[in-house]
Amino acid sequence: MARRKKIYEGKAKTLYEGPEPGTIVQYFKDDATAFNAEKKDVIEGKGVLNNMLSEYFMLGLANVGVPTHFLKRLNMREQLVRSCEIIPLEVIVRNYAAGSMAKRMGIEEGTQLPRPIVEYSYKDDALGDPLVPEEYIAAFGWASQQDMDDILSIALRVNDFLSGVMYGVGIKLIDFKIEIGRVFEGDFQRLVVADEISPDSCRLWDIETGEKLDKDVFRRDLGSLTDAYTEVATRLGVMPKGQPPVSKPTLIN
């Protein structure tokens, strides 16, 4: 069989044409990047863990009525998703001050916010994904006011779901980011959660110890990223205890 046609390669995933029109195969790589790709490494097994965890979260969201682009996991490193038009925004939901927000506002990391704060950044690596207000989003036509109302609603519903799931296994959801895509059905469009949800896109701290179980482990050289992600997967029941992830990347043709 011929190798699938590559559509796009990003920092953590490669996209290929799917087997049916309107579908895409999303391949999870072991590459890890931080600080706008200034820091790079290959973390063995990371792609497997993110694929399995993203499947778990996407299925959970679908079960509570939040639409996603996820269709099914194909193997240890690939999943089949709906093709959609990605709105060029990262939607960031913060429950506690951390990372750039803590630095920007001079707030101690781990400080609980009075309520969840939703921020938007423009997806452009060359610009460093700058934060943008809703006025910019409307002025540049990235999303309509109705879209923004729907995006806010989706983001807060995702936050409720993820916070509850994580709290149940002793993990505090500090913040996370999602991407939103447009799926067209005839003359109508609907917004769906796209890309991935994984420890790459969330900040996760152990409730009791404050231990970081997310990509900050890599950003700040705090230990093994694979061990941190495996801990999350094990607590959620995504991976049985003591079972190492498949490490060698294999592209299924």
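Predicted model: local features only at pLDDT ≥ 70, side-chain atom pairs only at ≥ 80, totals over all residues.
## Contacts and burial

Burial is the next figure to note. Of the 253 residues in the protein chain, 50% are buried.

## Fold content and overall dimensions

The protein chain has 13 strands and six helices. Its radius of gyration is 18 Å, close to the 18 Å that the globule rule gives for 253 residues, so the chain is as compact as a globular protein of that length.

The C-alpha trace can also be described along its principal axes. There the protein chain spans about 55 × 50 × 35 Å.

## Surface and charge

About 12600 Å² of the protein chain is accessible surface. Carbon and sulfur atoms hold 51% of that area.

The protein chain carries 32 positive and 39 negative charges. The mean position of the positive set lies 3 Å from that of the negative set.

## Helix H1

Helix H1 covers residues 46-63. At 1.5 Å a residue, its 18 residues should span 26 Å. The end C-alpha atoms are 26 Å apart, which agrees with that expectation.

The surroundings of H1 are also clear from burial. A residue counts as buried when its relative accessible area is under 20%. By that cut-off, 14 of the 18 residues of H1 are buried, so the helix is largely enclosed by the rest of the structure.

Gly-65 follows H1. The phi of Gly-65 is positive, near 90°.

Terms used: Residues numbered from 1 in each chain as written. Heavy atoms only, no water. Helix = DSSP H or I, 4+ residues; strand = E, 2+ residues; numbered from the N terminus. Rg over C-alpha atoms; globule rule 2.2 N^0.38 Å. Buried < 20%, exposed > 50% of the residue type's maximum accessible area, 1.4 Å probe, protein only. Areas by Shrake-Rupley, 256 points an atom, 1.4 Å probe, with all protein chains shown as cover. Lys, Arg positive; Asp, Glu negative; His and termini not counted. Charge placed at Lys NZ, Arg CZ, Asp CG, Glu CD. Expected span 1.5 Å × (residues − 1).
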